[in-house]
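Reader: Can you walk me through this one? Keep it quick, and spell out the cut-offs as we go.

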Amino acid sequence: MKSALILWGGWAGHEPERCAEIVQGILSDEGFSVTKETDLQILVESDPRKYSLIVPIVSMGSITDTQCKALTSVVETGTGLAGFHGGMGDSFRNSTNYQFMTGGQFVAHPGNIINYRVNIVDHSDPITAGLGDFDYRSEQYYMHVDPNNHVLASTTFSGEHAFWVAGAKMPVVWKRRHGQGKVFFSSLGHLASEFAVE
């Protein structure tokens with residue numbers, strides 16, 4: 001059986017506990033055995049290689065060098081990593097090694113909760129095949145991103161809330177490799193209720 005580890009915690013405003021419950025349900029429906037944990041020491045004190053997928057849901061948290069090494073090493077050897085919004089894209093501001101693995105870091109969301117457009121960039125990828133562009137209401141993440149990311153969807157900043165970024169095209173969804181591990185990220189998902197958006 002496939003197994004997944006959900007690491008949750010950090011800033012309560014992103015509703016990490018509720019999001020962890022939702023993700024657990026999704027993964028269980030896909031045949032995963034799921035472990036949820038709030039203590040990152042599980043990465044050091046157990047063998048994270050037993051998990052086929054790790055999902056961080058930890059906004060503005062902290063990670064020790066030892067914990068980060070355990071996480072990045074297991075992804076490098078083939079464990080998948082997937083997450084969304086600040087739970088993965090703003091987990092550990094103090095760790096450039098973590099950011100190197102994930103392919104990006106949140107830096108701003110001009111205007112806070114706003115309406116914006118998400119454009120599908122790669123229509124041939126299995127993740128986005130059959131999807132069309134869509135309107136969305138949430139935080140429009142401005143991120144520092146790795147040019148090596150395989151971008152699946154993007155958004156364009158209007159400049160209404162920060163005129164100096166008008167026209168900037170920003171990745172919203174990407175996938176990448178980190179060693180042998182597959183990494184997936186979506187900047188959507190500010191609140192748990194966004195999982196119900198169709």
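This is a predicted model: local features need pLDDT of at least 70, side-chain atom pairs count only at pLDDT 80 or more; totals for chains, interfaces and linings use all residues.

Author: Start with burial: buried means under 20% relative accessible area, exposed over 50%, and partly exposed in between, with a 1.4 Å probe and protein chains only. Asn149 is buried by that rule, because its relative accessible area is 9%.

Reader: Which residues does Asn149 touch?

Author: Gly103, Trp174, Lys175 and Arg176, not counting residues up to four places away in sequence. Contact means heavy atoms within 4.5 Å.

Reader: What joins the side chains of Asn149 and Arg176?

Author: A polar contact of 2.5 Å. That term covers a pair of N or O atoms within 3.5 Å; within protein, one must be able to donate a hydrogen and the other to accept it, and residues adjacent in sequence count only if both atoms are side-chain atoms.

Reader: New topic. How many aromatic pairs are there?

Author: Eight. Rings of Phe, Tyr and Trp (its six-membered ring) pair if their centres lie within 6.5 Å; planes under 30 degrees apart count as stacked, over 60 as edge-to-face and the rest as tilted.

Reader: Give me an example.

Author: Phe106 and Tyr141 are one: their ring centres are 4.5 Å apart and their planes at 40°, so the pair is tilted. It links distant parts of the chain, with Phe106 in strand β5 (residues 104-108) and Tyr141 in the loop between β7 (134-139) and β8, 35 residues apart. Both Phe106 and Tyr141 are buried.

Reader: And another?

Author: Tyr116 and Tyr136. Their ring centres are 6.0 Å apart with planes at 65°, so this pair is edge-to-face. Tyr116 is in strand β6 (residues 113-120) and Tyr136 in strand β7, 20 residues apart. Both Tyr116 and Tyr136 are buried. Tyr116, Phe134 and Tyr136 form one aromatic cluster.

Reader: Is Met170 buried or exposed?

Author: Buried, because its relative accessible area is 5%. Met170 lies in strand β10. Leaving aside neighbours within four places in sequence, its contacts include Tyr141, Tyr142, Met143 and Val145.

Reader: Now α3. Which of its residues are buried?

Author: Gln67, Cys68, Ala70, Leu71, Thr72, Val74 and Val75. Their cover includes α2 (42-45), β3 (53-59), β4 (80-84), α5 (96-102), β10 (169-178) and β11 (181-186).

Reader: What happens just after α3?

Author: Gly78 takes a positive phi of about 130°.

Reader: Zoom out. How many helices and strands in the protein chain?

Author: Five helices and 11 strands. The radius of gyration is 16 Å, close to the 16 Å that the globule rule gives for 198 residues, so the chain is as compact as a globular protein of that length. That radius is taken over C-alpha atoms, and the rule is 2.2 Å times the number of residues to the power 0.38.

Reader: What share of the chain counts as buried?

Author: Of the 198 residues, 50%.

Conventions. Residues are numbered from 1 along each chain as its sequence is written. Side-chain values use heavy atoms; hydrogens and water are left out. Helices (H or I, at least four residues) and strands (E, at least two) are DSSP runs, numbered from the N terminus.
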